[in-house]
Amino acid sequence: MAPHPRPGTWRERLYIIIFHTYTPAGKLFDTALLLLIMTSLSVVMLDSVQAMHQRYGTWLYGLEWTFTALFAIEYVMRVVTSPRPREYVTSFYGLIDLLAVLPAFIALLFPDAQYFLIIRVLRMLRVFRVLKLAPYLSEADFLMVALSSSRQKITVFLLAICTLVTMFGTFMYVIEGPANGFTSIPRSIYWAVVTLTTVGFGDMVPKTALGQTLAGLIMITGYSIIAVPTGIFTAELANAMRGRVIAHDCPRCRKSTHEPNSIYCNRCGNHLFPET
C-alpha cells in the first residue's frame, strides 16, 4: 500500500486538486475537465457527419488528438498523485479513464484497429465523477429491486405476447397470402409485431377487408397491452420505495408517513419531534 502524500508536497497539492472539489482550484479543475469531455464528445459526433469530415476532417483530427493528449496527461497525473495507484488503476473510473485514451494510441500502431476509437464515447461516463453524481446512483437499487421482483410477471406477459403475434401473423398469412406481400409466416409475424407495438412502418399493408379488420383488432389490442408492463413495474417500484418512508404521526396535521431522517412535517412544516 502506497503511503499518503506528505502534507505540503506537490503530490498532495495535485491530489487535492484532481480528486477533490472542496477547494477553488479543485472546482476549477473539474469545470475545465467537464468542458473538455463535452467538447471531445462534440468533436467525435461532428466527425461522424460525412460533410463535416470532408470539410474539417484535418481540424477535427487535430482536436481529437489534442484532447487525447490532455486526457492522457490527466490519467498519468491521477496515477502519480493517488495514494493507492493500483487501486485507482483497477477501479471502475480508472478503467474508464484508460479506455478514453488507449484506443487512440492502439490505432497508431495498428491502423486496422481504428474502429476501437468508438470506445472514446465512454468518456461520457466520466461526467458522473466530475459532477459527483455517484451518490445518486444508489437510487438505481430501487430500479433493480423492482425489475427483479417483476421478472416473472413480465416474462409471462412476454410469452403471452409472443403467442399472440404468432397467431396474428399466421392468420394474416392465411388471409392475405404472398399476393399481398405476406410471403411467409415469419414476415407476417414481423408485420404483427410492428402493428401490435403501434409502430406501423407501412412496408406491408393488408389489402382485403378481412385482413384490414384483423389489423384493426391488432391495433386496438396493442393500445390495451402497452400499459401492462408499465403497471407491473410501477407497482413493484412503489413496493420497493415504500420502505423509505417512516411511520410517525405529525403532532399537528396527523400525517402518518414521512421521509427517513425527517425533522419537520412535509405537509404542515411542524416539528415531528417536539421537545418534551
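Q: Hey, where is T198 found?
A: T198 is in the loop between α9 and α10. Keep in mind that this is a predicted model.

Q: OK, and what's phi like at T198?
A: Phi of T198 is near 60°, a positive value in a residue other than glycine.

Q: What caps the N-terminal end of α9?
A: That's S184. A side-chain oxygen of S184 lies 3.4 Å from the backbone nitrogen of R187.

Q: Which residues of α9 are buried?
A: S188, W191, A192, V194, T195 and L196 are buried.

Q: And what covers them?
A: The cover over the buried residues of α9 includes α8 (151-176) and α10.

Q: Tell me about α10, then. How many residues are in α10?
A: Helix α10 has 17 residues, 209-225. The distance from its first C-alpha to its last is 25 Å, close to the 24 Å expected at 1.5 Å a residue.

Q: Which residues are buried in α10?
A: In α10 the buried ones are G211, L214, A215, I218, T221, G222 and I225.

Q: Where do the buried residues of α10 fall when seen down the axis?
A: Looking down the axis of α10, its buried residues fall within an arc of 125°, so they line one face of the helix.

Q: What about the other side of α10, which residues are exposed there?
A: On the other side of α10 you'll find A209, T213, I220 and Y223 exposed.

Q: New topic: which helix is I17 found in?
A: I17 is in helix α1, residues 10-19.

Q: How exposed is I17, and what does I17 touch?
A: I17 counts as partly exposed because its relative accessibility is 25%. Not counting residues up to four places away in sequence, I17 touches A25, G26 and F29.

Q: And what separates I17 from D30?
A: Along the chain, I17 and D30 are 13 residues apart. Their C-alpha atoms are separated by 8.6 Å.

Conventions. Residues are numbered from 1 along each chain as its sequence is written. This is a predicted model: local features need pLDDT of at least 70, side-chain atom pairs count only at pLDDT 80 or more; totals for chains, interfaces and linings use all residues. Side-chain values use heavy atoms; hydrogens and water are left out. Helices (H or I, at least four residues) and strands (E, at least two) are DSSP runs, numbered from the N terminus. The expected span of a helix is 1.5 Å times one less than its number of residues. Buried means under 20% relative accessible area, exposed over 50%, partly exposed in between (1.4 Å probe, protein chains only). The arc is that of the directions from the helix axis to the C-beta atoms. Contact means heavy atoms within 4.5 Å. A polar contact is a pair of N or O atoms within 3.5 Å; within protein, one must be able to donate a hydrogen and the other to accept it, and residues adjacent in sequence count only if both atoms are side-chain atoms.
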